[in-house]
Amino acid sequence: MENNKLSCSAVAAVKDICAAHNNDAGELINILHETQNTLGYLPQEVQQLVAKNLNIPASRVNGVVSFYAFFTEKPKGKHPISICLGTACYVRGSDKVLEEVKNVLGIEVGQTTPDGIFSLDCLRCVGACGLAPVMTIDGKVFGNVDPKDVRRILEDFV
Amino acid sequence: MEQKLINLTIDNRPVSVENGTTILDAAKACGIDIPTLCHINLEGTCVNNHPASCRLCVVEVAGRRNLAPACATACTEGMEVHTNTIRVLNARRTVLELILSNHPHDCLVCAKSGNCELQNLTRKLKIQEAPYEGGEKSCFEVEKTVSIIRDMNKCILCRRCETMCNDVQTVGAIGARGRGFETTISPAFGNKLADSECTYCGQCVAVCPVGALTEKDNTGKLIRDLANPNKVVIVQTAPAVRVAIGEEFGNPAGTIVTGKLAAALRKLGFDYVFDTDFAADLTIMEEGSELLGRLNAFLAGDKNVHLPILTSCCPAWVNFFEHQFPDMLNIPSTARSPQQMFGSIAKTYWAEKMGIAREKLIVVSVMPCLAKKYECGREEFKVNGNPDVDYSLSTRELAALIKEANIDFNALEDSDFDLPLGASTGAAAIFGATGGVMEAALRTAYELHTGKTLGKVDFTEVRGLEGIRKASVDMDGFELKVGIAHGLGNARKLLEDIRAGKSEFHAIEIMACPGGCIGGGGQPLHHGNIEIIKARSNAIYREDAGKPIRKSHENPYIKQLYEEYLGKPLSEKSHALLHTKYFDKSE
């Protein structure tokens, strides 16, 4: 059925992660964390697989995945972008940076470019308010970003 | 060991309670009614939901900075609780106003109007305007299944349904999904309920305080059929209906209204008023014979015989094992439920006898159950697309229809069911309570197996409200061990024992709903009051005790049915008309 969409290696990876946590339903969040780190995202089939391994209803796994913003059911791009919309960044114009990124990539927040290279998210504060406005790509921080710089920064990743 | 009591005051009244008691329960014990919305506790069963999510039960506790939710705060020594200070009243009002801020205001045409706990509280707190505009108005699609209607726009996220589905029934079809205004109680991945593991037991509907979960209403269809001169419309009514429907007309819980029920059905215009109890007696003949057949094979040394045998009257239970225990489909009895046996016999034996063509005959059932709506639509219960039972109404729907038809229910003169499909015994009457099917089966199985007459027909050891009960019965030298479970979570425990080869039983009765059918998803709402379930249960056993015949195999019209038509239990004809098979629904 739907599980056919998952590669054998992915199925084995999920099984191993669950087993490493003794298939304990109380470890659900940790298991989902590790699974997302390994596979990049948590599609429906993976959630079903986790549910099956932990012997809990899929509705419970899906409830957790859909509640926490950290978990994603869609694949992230090769280079995930995050724009800080915390107070300091916001007052120094990160909303304009965000608009420019959306413009350049042609995607909305939470989406991934069709070529799978970039995905776009927002966050609140990376603890680098002195560099506001801040954006991160692959976890690397870019400070004092001017909307004019956005295209150049992104081109380095293509 | 004697437990030390905890002393506190609530609204200046001294109270002593056991350690661990919540403020809500302590207040209740001294007659103070703190409003609640999410909380529900059917004491004695495992139904207990107190997520403290609605915050309506907040009270002031001296020395505590914030207000405390009474349902989730344990009493402590010397605690001073106030339930009606200005601060509490203001907070409670604001909480309710906030809940109303994204709840639709279409009460006039809501299925739950008049029976809605949110509406009642709004009236009680005299909230007459909505000061907060919802941050966002939700617009979730309404899902209409054959049994249950889900309108998540009306959901207040009390989580009662989630508790029922997950903790009590262990079905896990629905759970909270998403966050903030986007939150719904839904099957995984936002799928349809109809595509989920849902058994249609309807316990989510039975506890929903608002109109978010309601039943598919078939009253309109019935009115059209009753008005159609080309149709013969007959009705069957389940054992649990007659001990509960009186509540809808102001009678105390546990009032038996069998005669008035039959009279009301006649007044509504049904051509024949029959009784599912007749089919319950028939079920005992078939299921009891199946039990004895397997038992005799087992006693003769057959190692392949499937024991324990499980009852199969409850359609939610059937759905449950088809979804969750597909490896065990050969264990339950193959006997159809009484509803389906009735339909099958009505549209063959009775229709032939009366000379009524199948297409002209409409069989309606009145059931305490929402899964019955689904059951009668199952493909295997149709002949050339024509269902044995055309559709099912819940107890609540029938009560509403009686009111709509301007029938003064309480003033009706008692009437009898029509013959032959209205004749029944006390054994059939108790089908509506947990343990009842087993007791009825024991009465018949004992006499058929031993050839002796029972001195006492009451098997009180199988009665009660404990989640799992067991008893052993001396079958003239053979010790028959029986188990009974109500609530699917309890059923799961017995099934897992069977799977692990640890089951000690020869026969097990399962009913999906707490208390059995008397606590079904289609019954008048109990609003969390366990005394109502107990009163209905007592009424069921009173009904049995008052019957002249109390053993299914002594029902003269059942005997006649076998003589004239079926031959004997488990005959080829019986198999074709009264038995079924089960399907793997795990994928």
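Two strands pair if DSSP finds at least two bridges between them. Strands themselves are DSSP runs of E with at least two residues, and helices are runs of H or I with at least four residues, both numbered from the N terminus. On these terms, 4 strands of chain B form an open sheet. Their order is β15-β22-β21-β20, and the pairing is mixed. The edge strands, each pairing on one side only, are β15 (309–310) and β20 (468–475) of chain B.

The model is predicted; local features need pLDDT of at least 70, side-chain atom pairs count only at pLDDT 80 or more, and totals for chains, interfaces and linings use all residues. Residues are numbered from 1 along each chain as its sequence is written, while chains are lettered from A and ligands numbered from 1 in the order in which they are written.

Within the sheet, β15(B) pairs with strand β22 (residues 507–511) of chain B. The sense is parallel, over 2 bridges. I309(B) has A507(B) in β22(B) as its bridge partner. Helix α15 (residues 488–499) of chain B lies across β20, β21 (478–486) and β22 of chain B. Helix α15 of chain B runs at about 140 degrees to β21(B). Axes here are lines fitted to C-alpha atoms, for helices over the stretch in contact, and angles run from 0 to 180 degrees between N-to-C directions. Contact between two residues requires their C-beta atoms, placed from the backbone, to lie within 7 Å.

Most residues other than glycine have a negative phi, and most peptide bonds are trans. The peptide bond from L307(B) to P308(B) is cis, with omega near 0 degrees. P308(B) sits in the loop between α8 (276–299) and β15 of chain B. A cis bond also links L419(B) to P420(B), with omega near 5 degrees. P420(B) belongs to the loop between α12 (395–404) and α13 (426–429) of chain B. R55(B), a residue other than glycine, has a positive phi, near 65 degrees. The loop between β4 (47–49) and β5 (58–61) of chain B holds R55(B).

Chain B is assigned three domains, with bounds from an automatic or database domain assignment. These are domain 1 (5–124), domain 2 (143–215) and domain 3 (290–333 + 430–521 + 543–578). The centres of domain 1 and domain 3 of chain B, taken over C-alpha atoms, are 42 Å apart.

Chain A has 7 helices and 4 strands. From the N terminus, its elements run α-α-α-α-β-α-α-β-β-β-α. Its C-alpha atoms fill a box of roughly 50 × 30 × 20 Å along the principal axes.

Helix α3 (residues 44–54) of chain A packs with α4(A) at an angle of about 125 degrees, the axes lying 8 Å apart. The pair is therefore oblique; angles under 35 degrees count as roughly parallel, over 145 as roughly antiparallel, 65 to 115 as roughly perpendicular and the rest as oblique. In α3(A), Q47(A), Q48(A), V50(A) and A51(A) meet A58(A), V61(A), N62(A) and V65(A) of α4(A). This contact divides into 5 nonpolar, 3 polar and no charged residues. Ala, Val, Leu, Ile, Met, Phe, Trp, Tyr, Cys and Pro count as nonpolar, Asp, Glu, Lys and Arg as charged, and the others, Gly among them, as polar.

Between the chains, 10 residues of chain A are in contact with 13 residues of chain B. Helix α4 (residues 58–67) of chain A gives the largest share of the chain A side, 7 residues. That side comprises 4 nonpolar, 5 polar and 1 charged residues.
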